[in-house]
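Trainee: I would like a close look at one part of this model, taken slowly. Please go through its packing and its neighbours in one connected answer.

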Amino acid sequence: MNEKALIEAFERVVCRDHPNPDRLDCPGTPVLQQFAMQPDAFASSPLLKHIGHCAPCLQELKQLRQVDQRNAKEIA
């Protein structure tokens, strides 16, 4: 199984098992934006556990990373 397939499988499990429709205990967009731009700063953070158990945060983080990657390509 390659890395992309493994990440997709993880996303499916989080979405299925941890939908969190009310966004309980979510850190908010500014924190997720910071995480998207500086993931190493959160290496041992409780934020990682939350994202792994919160489908909305995982999806928002994925979108923020895509925007960040597009912006990086435009600058280069």
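Mentor: On the face of helix 2 turned away from its buried side sit the exposed residues Pro 30 and Met 37. The model is a predicted one, and what follows is to be read as such.

Now the other side. Helix 2 covers residues 29-37, and its buried residues are Leu 32, Phe 35 and Ala 36. Viewed down the helix axis, these buried residues lie within an arc of 100 degrees, so they line one face of helix 2. Their packing partners are helix 3 (46-51) and helix 4 (55-75).

Take helix 4 to begin with. The axes of helix 2 and helix 4 come within 9 Å and cross at roughly 50 degrees. The crossing of helix 2 past helix 4 is right-handed. By class, the residues of this contact are seven nonpolar, two polar and three charged. On the helix 2 side they are Thr 29, Leu 32, Gln 33, Phe 35, Ala 36 and Met 37. On the helix 4 side they are Cys 57, Glu 60, Leu 61, Leu 64, Arg 65 and Asp 68.

From helix 1, Phe 10, Glu 11, Val 14 and Cys 15 meet Ala 55, Leu 58, Gln 59 and Lys 62 of helix 4. The classes here are five nonpolar, one polar and two charged.

That leaves helix 3, the other element against which the buried residues of helix 2 pack. His 50 is located in helix 3. Its relative accessibility is 17%, and the limit for buried is under 20%, so His 50 counts as buried. Leaving aside residues up to four places away in sequence, His 50 touches Asn 20, Leu 24, Asp 25, Cys 26, Pro 27 and Cys 57.

Definitions and conventions
Residues are numbered from 1 along each chain as its sequence is written. This is a predicted model: local features need pLDDT of at least 70, side-chain atom pairs count only at pLDDT 80 or more; totals for chains, interfaces and linings use all residues. Side-chain values use heavy atoms; hydrogens and water are left out. Buried means under 20% relative accessible area, exposed over 50%, partly exposed in between (1.4 Å probe, protein chains only). Helices (H or I, at least four residues) and strands (E, at least two) are DSSP runs, numbered from the N terminus. The arc is that of the directions from the helix axis to the C-beta atoms. Contact means heavy atoms within 4.5 Å. Axes are lines fitted to C-alpha atoms, for helices over the stretch in contact, and angles run from 0 to 180 degrees between N-to-C directions. A crossing is left-handed if the near helix is turned anticlockwise from the far one by less than a right angle, and right-handed if clockwise. Ala, Val, Leu, Ile, Met, Phe, Trp, Tyr, Cys and Pro count as nonpolar, Asp, Glu, Lys and Arg as charged, and the others, Gly among them, as polar.
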